[in-house]
Amino acid sequence: MGSTETSKLSTNSMISDFKSDFLWNGVARPSRYEVRMSGPAGGLDGYPDAFDGDAWFHADSVVLPSRECVTIPEQWHGPTFTIPIGEKYPSSVVISFLVDDYWSQRQWFESWMDQVSMTDAMGSSKINKWMMSIDVLDGTTNPDGGDASSGTFKFDYVYPSSIMPIQLASAARNDYVRQVVSFEYRDYYFTAV
């Protein structure tokens, strides 16, 4: 008859390890972030001074992109082995924004998208100024009263590639309108604080 050996660590030890590892340093929370963008300069029709190049809209949700290595197979001897030769960003940044009563968010993204065209590609003097940053916030507060950032995703050469459809429905009386926008970019960097 076989016997089973129990873990040599007590439950109290595992709980204290968890507390010292995660609770002392804090656990990243998916609901703590801020999105800032610099897009089309010159404001919008009807809002000449508002959103003049920079915007801050409340982002209801953010999907951060993935990152992959570009590889080639090496098979000169032995089993095939893949060698990394570069990197690629195969996915978009997808952000859902709350829409105000004046539909300012939709108007701003429509105006920004109007400035992006096939003839105005990556070499344009406009697009190289368009940036976006997503600050991930920790649970503390800065001395000035604002939330403290624990890291920042910075995206260069950003532009809206898709303004998703919005469904309006009479049954959605207790809901609010969200505008989902997909962004393309040349590259991004993550910097931890």
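The model is a predicted one, in which local features need pLDDT of at least 70 and side-chain atom pairs count only at pLDDT 80 or more, while totals for chains, interfaces and linings use all residues. Residues are numbered from 1 along each chain as its sequence is written, and side-chain values use heavy atoms, with hydrogens and water left out.

Four strands form an open sheet in the order 3-6-10-9, with antiparallel pairing. Here helices (H or I, at least four residues) and strands (E, at least two) are DSSP runs numbered from the N terminus, and two strands pair if DSSP finds at least two bridges between them. The edges are strand 3 and strand 9, residues 159–163, each of which pairs on one side only. On average, neighbouring strands of this sheet are turned by 25° against each other, direction ignored; axes are lines fitted to C-alpha atoms, for helices over the stretch in contact, and angles run from 0 to 180 degrees between N-to-C directions.

Strand 3, residues 59–63, is joined to strand 6, residues 93–98, by four bridges, and Val62 has Ile95 as its bridge partner. Strand 6 is in turn joined to strand 10, residues 178–184, by six bridges; there Leu98 is partnered by Arg178. Between strand 9 and strand 10 there are four bridges, with Pro160 partnered by Phe183.

Which strands does helix 2 lie across? Helix 2 lies across strand 6, strand 9 and strand 10, at about 115° to strand 9.

That brings us to the core. A nonpolar core is a set of buried Ala, Val, Leu, Ile, Met, Phe, Trp, Tyr and Cys residues joined through side-chain atoms within 4.5 Å, where buried means under 20% relative accessible area (1.4 Å probe, protein chains only). The largest one has 23 residues, and Met37, Phe97, Phe109, Met132, Phe155 and Phe183 touch the most other members. Among the elements giving two or more residues to this core are strand 6, helix 2 (104–114) and strand 10. Leaving aside neighbours within four places in sequence, Phe97 is in contact (heavy atoms within 4.5 Å) with residues including Met37, Phe57, Phe109, Val181 and Phe183.

Finally, the hairpin. Strand 4, residues 68–74, and strand 5, residues 81–88, pair in the antiparallel sense over seven bridges, and Val70 stands opposite Gly86. Six residues lie between these two strands, and Gly78 in the turn has a positive phi of about 75°.

How values were computed
Buried < 20%, exposed > 50% of the residue type's maximum accessible area, 1.4 Å probe, protein only.
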